[in-house]
Amino acid sequence: MKGMCVKMQIQKRKKLHISDVMIYLVTVLLMLLCLLPLLNVVATSFSSSAAATAGKVGILPVGFTFNAYRKILDDQQFWRSFMISLIRVVLGTILNLMLVITMAYPLSKSRREFHSQGIYIKFVLFAMLFNGGMVPLFMVVNKLGLLNSIWALILPGAVGVGNVILLMNFFRSVPKSLEEAAEIDGANPLQILIHIFLPASKPCLATICLFSIVGHWNDYFSGILYISKTSNYPLQTYIQLISAAFDLSKVTDIEKLKQYLSISTRTLNSAKIVISVIPLLIIYPALQKYFTTGLVVGAVKE
Amino acid sequence: MRKPKKQLYYHAMMLPGMIFLAIFSFVPMFGIIMAFQNYIPAKGILNSKWVNFDNFKFIFTIPDSKQIFFNTITIALGKMILGVIVPVCFALLLNEIRRKAFKKTIQTIVYLPHFLSWVVLASVVQYIFSYEGPINSLLSAFKINPIMFMGSNTWFRPIMILTETWKEFGYGSIIYLAALTGIDPGLYEAAAIDGANRFKRLLHITLPGILPIILIMTTMSLPNILSAGFDQIFNLYNPLVYESGDIIDTYVYRVGMLQRQYSLATAVGLIKSVVGAVLIAAANKLVTTFSDRRMF
């Protein structure tokens with residue numbers, strides 16, 4: 001008995017097992033795996049063009065220079081696209097939030113409280129499961145005359161049905177007593193929504209807001225689909241354009257491909273990429289805080 | 001005077017969103033008709049010739065489509081499998097780490113790739129696997145000839161799967177980490193007292209503890225089997241690897257939008273939608289039988 005107690009005490013002290021070392025090692029390796037490629041992009045952006053093309057850049061710049069960034073200051077289109085993306089993020093996120101909130105609230109009511117809840121939710125779920133596809137959507141956007149405008153980037157995806165369901169479930173977890181008290185005081189549903197439910201759902205709203213921001217900022221495909229004038233491109237679409245600067249769809253043999261992949265004005269592209277990632281990095285701490293909790297609450301709830 | 005009924009408020013709230021859904025989700029659904037026609041833009045939907053199931057017959061007979069479906073499912077399966085194994089293992093590793101600061105640092109770094117778009121990451125991937133990139137440099141250190149990874153049909157699919165896993169394993173581990181914290185520590189202590197070593201504890205407590213959530217996550221990813229990651233592949237593929245890398249969505253884009261074969265593309269999209277919907281219904285059924293959790 002006594003021997004066992006002593007043994008347990010020893011185990012409780014910080015003893016470095018070989019398994020501990022292995023665990024730390026593997027985790028550090030995985031972390032480096034994520035970090036190094038990104039460091040490489042940053043390093044490339046600060047390197048000389050020759051070094052970059054020759055592939056000499058590791059995680060530290062070779063031939064340190066601000067050339068790439070200086071060139072960017074001259075690139076009008078880059079900044080135009082940057083602004084377009086910024087505006088899109090602001091407008092798009094506001095619209096998303098408004099629509100998600102106004103839809104999630106009635107849907108969160110039981111059928112007794114909101115007689116048509118059942119029908120509406122069936123529509124919403126249907127929209128989530130089926131869609132007409134890329135081609136019909138393009139035609140609708142076209143018919144509405146939205147092609148080439150920033151609205152084509154914002155309006156089609158304005159209702160995020162996944163987020164509606166998320167917020168709806170969150171609203172359902174708000175204690176009924178709060179609502180009943182407000183009703184007794186004579187509040188109408190709109191007032192109840194604004195004064196009770198919204199403050200109570202701040203974490204969930206923050207999560208949805210951040211997802212929306214990231215989604216809008218990173219989306220490049222809407223730009224490719226709906227916008228034909230380069231001057232109207234959002235940032236990611238513009239970067240996509242210059243990264244695949246050479247028309248890869250004409251590449252038919254391996255030598256040409258090798259050529260294209262190496263010629264790229266690599267430092268310039270790297271710099272543009274770094275700049276396009278900075279806004280995300282700025283909100284990243286907020287992202288971390290909210291989505292880890294928001295995601296977990298939504299999924300691992302009992 | 002009677003106050004406006006509550007119902008009116010609720011309907012009014014639903015209205016803006018429903019209008020958007022109507023225009024951008026429901027109206028396009030009517031475009032599915034194009035799948036059954038030989039749609040010519042100049043003629044419009046009303047005047048294009050009806051060909052019933054010809055488009056679908058065409059899809060199922062041309063050799064291209066078999067290849068495309070095969071590519072899509074292979075890549076999607078690979079991503080699904082690794083997409084569960086790697087995050088789970090990472091969560092298990094992370095769970096063993098006691099130093100809070102270290103743990104937080106790792107998490108911050110490892111979540112990052114998820115938030116970057118494939119436009120940005122494509123440059124990174126192309127560089128790494130390029131002729132003068134690190135991987136080939138490593139190979140030449142072992143006296144192996146450099147391989148043109150991004151142009152090779154043997155390597156393209158594995159690279160797609162591996163890089164996607166790289167991008168998502170950090171973010172994907174969050175759910176499993178959360179589930180791990182939900183396991184009763186008392187169980188571990190009891191097992192330690194009974195003499196179970198680390199490995200045994202892992203096998204008999206940890207894994208059974210997170211098995212439900214693993215099953216749920218796997219089931220929920222089933223409906224995506226026909227979406228093999230358009231963004232990634234679109235940014236990384238080229239004609240040399242169409243044979244192994246072309247997936248349903250990239251095919252629909254090229255053939256539908258660029259080559260304007262609207263009917264064909266719509267038909268393919270319809271197949272995808274229907275299969276996806278069936279799978280979601282099946283997944284929902286499975287999830288509700290596994291636990292008392294519901295997907296919707």
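Predicted model: local features only at pLDDT ≥ 70, side-chain atom pairs only at ≥ 80, totals over all residues.

Reader: What's phi like at Lys143(B)?

Author: Phi of Lys143(B) is near 65°, which is a positive value in a residue other than glycine. Most residues other than glycine have a negative phi.

Reader: Is Lys143(B) buried or exposed?

Author: Lys143(B) counts as exposed, because it has 6 C-beta neighbours inside 10 Å and the cut-off for exposed is 12 or fewer.

Reader: Ok, over to chain A. Where does Asn148(A) sit?

Author: Asn148(A) is in the loop between helix H7 (134-143) and helix H8 (151-154) of chain A. Its phi is positive too, near 70°. Asn148(A) is partly exposed, with 13 other C-beta atoms within 10 Å.

Reader: And where is Leu146(A)?

Author: Leu146(A) is also in the loop between H7 and H8 of chain A. With 17 other C-beta atoms within 10 Å, Leu146(A) is partly exposed.

Reader: Which residues does Leu146(A) touch, leaving out those up to four places away in sequence?

Author: Leu146(A) touches Val141(A), Trp151(A), Ala152(A) and Leu155(A). As for Leu268(A), that residue is 122 residues from Leu146(A) in sequence, and the two C-alpha atoms are 32 Å apart in space.

Reader: Switching topic: how many residues of chain B are in contact with chain A?

Author: 78 residues of chain B are in contact with 75 residues of chain A. Helix H1 (residues 6-30) of chain B gives the most to chain B's side, with 18 residues.

Reader: How does that side of chain B split by class?

Author: The side of chain B that touches chain A has 53 nonpolar, 20 polar and 5 charged residues.

Reader: What does chain B contain in helices and strands?

Author: Chain B has 14 helices and 2 strands. The radius of gyration of chain B is 25 Å, while the globule rule gives 19 Å for 296 residues, so chain B is more spread out than a compact globule. Its C-alpha trace spans about 85 × 80 × 35 Å along the principal axes.

Reader: How much of chain B is buried?

Author: Buried residues make up 38% of the 296 residues in chain B. Helix H6 (residues 118-128) of chain B is mostly covered, with 10 of its 11 residues buried. The buried ones in H6(B) include Trp118(B), Leu121(B) and Tyr127(B).

Reader: Which domains is chain B divided into?

Author: Chain B has domain 1 (1-52) and domain 2 (61-290). The contact between them takes 7 residues from domain 1 of chain B and 5 residues from domain 2 of chain B. On the domain 1 side there are 4 nonpolar, 3 polar and no charged residues. The C-alpha centres of the two domains of chain B lie 34 Å apart.

Reader: Last one: where in chain B is confidence lowest, and where is it highest?

Author: Helix H2 (residues 44-47) of chain B is lowest, at a mean of 74, and helix H8 (residues 156-181) of chain B is highest, at 91. The mean pLDDT of chain B is 85, and 96% of its residues reach 70 or more. The model scores ipTM 0.82 and pTM 0.83.

Definitions and conventions: Residues numbered from 1 in each chain as written. Chains lettered and ligands numbered in written order. Buried ≥ 20, exposed ≤ 12 C-beta atoms within 10 Å, placed from the backbone. Helix = DSSP H or I, 4+ residues; strand = E, 2+ residues; numbered from the N terminus. Contact = placed C-beta atoms within 7 Å. Nonpolar A, V, L, I, M, F, W, Y, C, P; charged D, E, K, R; others polar. Domains from an automatic or database assignment. pLDDT = per-residue confidence, 0-100. Rg over C-alpha atoms; globule rule 2.2 N^0.38 Å.
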